[in-house]
Amino acid sequence: MLPNVLHRSASDHVPVLAEEVRELLAVRPGHTVVDATFGAGGHSALLAADLESEGKLIAIDRDPSVRTYFDRFKAGTGAQARLLRGEFSLVLNQLAANDVQADAVLLDLGVSSMQLDRPERGFSYAADAPLDMRMDASAELSARELVNEAEERELALIFRRFGEERYAGQIARAIVRRRDERAFERTGDLADTIKQAIPTPARFGDGHPAKRVFQALRIAVNDELGALEAALPAAVRMLRPGGRLAVISFHSLEDRMVKRYFREQARGCTCPPEFPICNCGNEPVLRELTRKPVRPSSREVEANPRSASAKLRVAAKVEPA
Ligand SMILES: C[S@@+](CC[C@H](N)C(=O)[O-])C[C@H]1O[C@@H](n2cnc3c(N)ncnc32)[C@H](O)[C@@H]1O
C-alpha cells in the first residue's frame with residue numbers, strides 16, 4: 001500500500017514494483033535517497049515514508065512539468081526534499097563531484113503515464129498531435145527533426161534496434177518517400193504512414209502497428225540508452241559504502257546494460273580468463289542483491305498493464321573490509 005503522503009489522481013503514474021523497490025532499497029531514518037526519475041513522485045512518497053521525517057530526498061527529472069508533483073510531494077513529507085532538474089547522468093555526476101553521498105539511488109527508466117497520456121507531448125500514436133517526444137522540451141532534437149532529417153538507413157537502424165521492428169526497412173523507406181512530398185508534422189501522419197508500409201496481416205498483430213516505431217523514436221530522441229550508460233557509474237560513484245542502487249527497466253537493451261554493468265562491477269577483476277592469477281588488482285565494487293531480475297506479479301500486471309515488461313535489479317556498494 002502507498003503511504004498516505006501523496007494524494008494521487010486517477011491519471012497519475014502508478015509506481016511499478018513499488019513494494020519490491022522499498023524492500024530492496026531498505027531506506028532507514030537519516031538516510032539520503034536520490035530518486036533520479038521523480039515523475040509523479042510515487043516511488044519517492046514510499047521511500048520518504050521510510051525516512052520517517054529524518055533524512056533527505058533528492059529528486060531529479062529532466063521534465064520541468066514534474067514541478068507540480070514535486071511541490072505536492074514536498075508539502076506532504078517531513079523529510080528534507082529538493083528537486084534538481086536535468087538529465088540524470090549529469091546531475092548524478094555533479095552531486096558526486098560535490099561529495100554528496102547517497103544511501104539509496106533509484107532509476108525508474110522510460111516515460112511516465114503523464115507524458116504518454118498528454119497528447120500535446122507527441123509520445124502517443126493513439127492521439128493526433130505535434131510530433132515531439134522530448135522529455136525535456138528545451139532539448140534540441142525532437143521526433144519531428146529526426147523523422148524529417150535522418151537518413152533512411154539511420155531510421156531503419158533505430159526502428160530495428162530500439163523497437164525490434166520486423167518491417168524497419170519498409171517503414172523507413174515509406175517515411176522518406178512521404179517526407180519528400182511533405183514534411184511530417186503530426187503523430188497521426190506518421191502513424192498512418194507506418195500502417196500503410198507494413199503488410200496487411202501484420203497490421204492486426206501485436207498491438208497498434210505504430211507502437212514499436214514510436215517507442216524506438218522516443219528512445220532515440222531522448223538518448224535513453226546513452227543516458228543510462230553514463231548514469232550507472234555516476235550513481236555508484238555517489239553511493240556510500242553499503243548504499244544501494246535500484247534500476248527498473250522496460251526494454252531488453254536497458255536490462256542487458258544494467259545486468260552487464262552489475263556483473264562487471266561485482267567481479268572486480270578484469271584480467272582475461274586465461275590468466276592463472278589476477279594481475280589487475282581490481283576489487284569488486286558492487287554486490288548484486290538480485291541475481292535474476294524481479295518481475296511484477298500477475299496481480300500487478302492486471303492492475304497496471306504498463307508494468308508488464310518491468311525488470312528490477314538492485315546492487316549494493318561493497319563496504320571496505
Ligand atoms: C517511469 S517515470 C518515473 C515515475 C516515478 N517513479 C513515479 O513513481 O511517479 C520516468 C521519469 O524519469 C524521467 N527521465 C527519464 N529519463 C531521464 C533522464 N535521462 N534524466 C532525467 N530524467 C529522466 C522522465 O521525465 C519521467 O518523468
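Predicted model: local features only at pLDDT ≥ 70, side-chain atom pairs only at ≥ 80, totals over all residues.

User: How are H7 and H10 oriented to each other, roughly parallel or roughly perpendicular?

Analyst: The axes of H7 and H10 are 8 Å apart, and the two helices pack at an angle of about 100°. This angle falls within the range of 65 to 115 degrees. H7 and H10 are therefore roughly perpendicular.

User: Which residues of H7 meet H10?

Analyst: On the H10 side, the contact includes Arg212, Val213, Gln215, Ala216, Leu217, Ile219 and Ala220. By class, the contact of H7 with H10 has eight nonpolar, two polar and one charged residues. The residues of H7 that take part are Ile158, Phe159, Phe162 and Gly163.

User: Which helices are included in what covers the buried residues of H8?

Analyst: Helix H8 runs over residues 168-181 and spans 21 Å from its first C-alpha to its last, close to the 20 Å expected. Its buried residues include Ile171, Ala172, Ile175 and Val176, and Arg178 and Arg179 are also among them. The cover over the buried residues of H8 includes helices H6, H7, H9 and H10.

User: What is the angle between the planes of Phe70 and Phe73?

Analyst: The structure holds four aromatic pairs. One of them joins Phe70 and Phe73, whose centres lie 6.0 Å apart. Both residues belong to helix H3, and being three residues apart they are separated by about one helical turn. The pair is tilted, with an angle between the planes of 45°.

User: Are Phe70 and Phe73 buried or exposed?

Analyst: A residue counts as buried under 20% relative accessible area. Phe70 has a value of 2%, and Phe73 has 1%. Phe70 and Phe73 are therefore both buried.

User: How many residues apart in sequence are the parts that Tyr125 and Phe214 tie together?

Analyst: The ring centres of Tyr125 and Phe214 are 5.8 Å apart with the planes at 90°, so this pair is edge-to-face. Tyr125 is partly exposed at 27% relative accessible area, whereas Phe214 is buried at 2%. Tyr125 lies in the loop between helix H5 and H6, and Phe214 in helix H10, so the pair ties together parts whose separation in sequence is 89 residues.

User: Which residues do ring pairs link into a cluster?

Analyst: Phe70 and Phe73 form an aromatic pair. Ring pairs link these two with a further residue, and the cluster consists of Phe38, Phe70 and Phe73.

Conventions: Residues numbered from 1 in each chain as written. Heavy atoms only, no water. Helix = DSSP H or I, 4+ residues; strand = E, 2+ residues; numbered from the N terminus. Expected span 1.5 Å × (residues − 1). Buried < 20%, exposed > 50% of the residue type's maximum accessible area, 1.4 Å probe, protein only. Contact = heavy atoms within 4.5 Å. Axes fitted to C-alpha atoms, helices over the stretch in contact; angles between N-to-C directions. Parallel < 35°, antiparallel > 145°, perpendicular 65-115°, else oblique. Nonpolar A, V, L, I, M, F, W, Y, C, P; charged D, E, K, R; others polar. Phe/Tyr/Trp six-rings, centres within 6.5 Å; stacked < 30°, edge-to-face > 60°.
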